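Welcome, and thanks for taking a look at this one with us.

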Amino acid sequence: MKSKEKLILFTADYPYGKGETFLENEIQFLSNHFNEVLVVSSSSSTDKTRKTPQNVRTQLFRSKDSLKKYLALLDLNFIKEYIQNFFTNPLKNKVAINSWVFASQLAIEAQENITANTVLYSYWLDDKALALCILKSKNKQLKITSRAHRWDIYEEEHLYQYLPFRSFLFDKLDTIYSISVDGVNYLKSKGASRVQLSRLGTIQTQKSIDLQSIEPLHIVSISYLIKRKRMDLLLDAIVLLENMNYPVKWTHFGDGPEMQALISKSKSLSDKAVTFKGFVSNSEVLSWIGSNASSCVLVNLSESEGIPVSMMEAMSFGVPCIGTNVGGVSEIITNEYNGILLSPNPSADEVANQILSYLQFNTEKKNRIRKQALVTWEDKYDANKNFTIFCKELLSFL
């Protein structure tokens, strides 16, 4: 049943462009629990690529280029951060200035949409969450919260190992919802006290799941093709397997700057061993996995992760996962229970050997692993459970 409350959701892309496909599940639940949802997107695209529920309206935010925007730098909260950076690493202040100016402009624009009984929710613990904190510094009655995923948590991954205004965010946000236990622990180690676990989830699109494995093995991967995803490493491992007379098929979903180099490199493999699908809709990806689940293993070799939504989606079909032990990946993969957990920085030999070990499991063990993958999804990553609980949490702020 819908309440009378309003939600303002701040996103990086959704529902424009290609990003944040995983929000397509959550928005259905948000729209069912709030009478009105406003999505404020800072996307660089003006192409609205996703349909939204009837009670969801969208608004594009653009930072305005004028000298007046720098007046926001007179705020005492900014000056405090600036002085701290000056004595530790003055180079951080370029990041801080850009962050504060963007957030201040977003706060001004968001202010016009706030009414009574409004919850403000940032999908990322970044400049959009900072905008909410700027608003709350002027109106303590506001209810503000943010999710936290991966890049918006781990400071070591950023320029100067710096994410701006962490103390300010931790002080003002009513709650921070990390999608992983690893993220919760990291944020607490950095001084956040009001942080708790709120897992993402996926919707099971195939009601009847056949948990009987068949051969030959078909590897599937889903990611934007950038160096951090290390898909070149997977290609090297597949070459090694083929040289050992253990050929496998590999289908990749997603495009990116590394795509052409991978296509060229894959020409050394036998015909039709590798297929690059490029960017396709999430529904097409799920349809493909559903049709090929009995022979599939999802592989993710990223050097940094929160908890990949692609793994949740795969496990909802009983598809085992092979992934690097980084971020929250060990929270979804238990080695030889529902997949295989690799070292954080595996070699191509390690990847090939671990894929080979799965290939050599007997049928009974493969079937058991597939069943346990499905059980993992049912216990931890069912969208109906997780997002219903999350929506009730948001409403509890009011």
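A cavity here is a set of grid points where a 1.4 Å probe fits but cannot get out, and a residue lines it if one of its atoms is within 4 Å of a point. In that sense, Ser221, Ile222, Ser223, Lys229, Met231, Val299, Asn300, Leu301 and Ser302 line the second largest cavity. Please keep in mind that this is a predicted model.

**Enclosed cavities**

- Searching the whole structure turns up three cavities of 30 Å³ or more.
- The largest cavity holds about 60 Å³ of space. Its lining is made up of Ser213, Ile214, Glu215, Leu217, Ala293, Ser294, Ser295, Cys296, Val297, Tyr358, Lys366 and Arg370.
- Strand 11 and helix 12 (363–380) are the elements that give two or more residues to the lining of the largest cavity.
- By class, the lining of the largest cavity divides into six nonpolar, three polar and three charged residues.
- The second largest cavity has a volume of about 40 Å³, and the elements giving two or more residues to its lining are strand 8 and strand 11.
- Four nonpolar residues, four polar residues and one charged residue make up the lining of the second largest cavity.

**A closer look at serine 294**

- Serine 294, one of the residues lining the largest cavity, sits in the loop between helix 9 and strand 11 (296–300).
- Is serine 294 buried or exposed? Its relative accessible area is 19%, and the cut-off for buried is under 20%, so serine 294 counts as buried.
- Leaving aside residues up to four places away in sequence, serine 294 touches Asp210, Gln212, Ser213, Ile214 and Arg370. Ser213, Ile214 and Arg370 are also among the residues that line the largest cavity.

- The largest pocket contains about 1,100 Å³ of space. Its lining counts 37 residues, and those closest to its centre are Glu20, Thr21, Phe22, Ser223 and Tyr224.
- Helix 9 (282–292) and helix 10 (309–315) each supply at least two residues of the lining of the largest pocket. Helix 10 has the largest share, with three residues.
- The lining of the largest pocket has 16 nonpolar, 12 polar and nine charged residues.
- For the second largest pocket, the volume is about 390 Å³. Its lining has 17 residues, with Glu81, Gln84, Phe165, Arg166 and Ser167 nearest its centre.
- Helix 2 (76–88) and helix 5 (166–172) are the elements that give two or more residues to the lining of the second largest pocket, and helix 2 gives the most, with six residues.
- The lining of the second largest pocket divides into four nonpolar, six polar and seven charged residues.

- Six strands form an open sheet in the order 10-9-8-11-12-13, with parallel pairing. Strand 10 (274–278) and strand 13 (339–342) are at the edges, each pairing on one side only.
- On average, and with direction ignored, neighbouring strands of this sheet are turned by 20 degrees against each other.
- Helix 9 packs on the sheet, where it touches strand 8 (218–222), strand 9 (249–253), strand 10 and strand 11. The direction of helix 9 makes about 160 degrees with that of strand 8.
- Strand 12 (residues 321–324) pairs with strand 13 in the parallel sense over four bridges. Here glycine 323 stands opposite leucine 341 in strand 13.

**Backbone details**

- The peptide bond from tyrosine 14 to proline 15 is cis, with omega near 0 degrees. Proline 15 belongs to the loop between strand 1 (6–11) and helix 1 (23–33).
- A cis peptide bond also runs from glutamate 215 to proline 216, with omega near 0 degrees. Proline 216 is in the loop between strand 7 (195–197) and strand 8.
- Asparagine 117 is not a glycine, yet it has a positive phi of about 60 degrees. You will find asparagine 117 in the loop between helix 3 (92–111) and strand 4 (118–122), partly exposed with a relative accessible area of 42%.
- Arginine 230 has a positive phi near 55 degrees and lies in the loop between strand 8 and helix 7 (231–243). Arginine 230 is buried, with a relative accessible area of 11%.

Terms used: Residues numbered from 1 in each chain as written. Predicted model: local features only at pLDDT ≥ 70, side-chain atom pairs only at ≥ 80, totals over all residues. Heavy atoms only, no water. 1 Å grid on protein atoms, 1.4 Å probe; cavity = no way out; pocket = protein on both sides within 12 Å on 5 of 7 lines; lining within 4 Å. Points joined across faces, edges and corners; volume = space filled by probe spheres on them. Nonpolar A, V, L, I, M, F, W, Y, C, P; charged D, E, K, R; others polar. Buried < 20%, exposed > 50% of the residue type's maximum accessible area, 1.4 Å probe, protein only. Contact = heavy atoms within 4.5 Å. Pairing = 2+ DSSP bridges. Axes fitted to C-alpha atoms, helices over the stretch in contact; angles between N-to-C directions.
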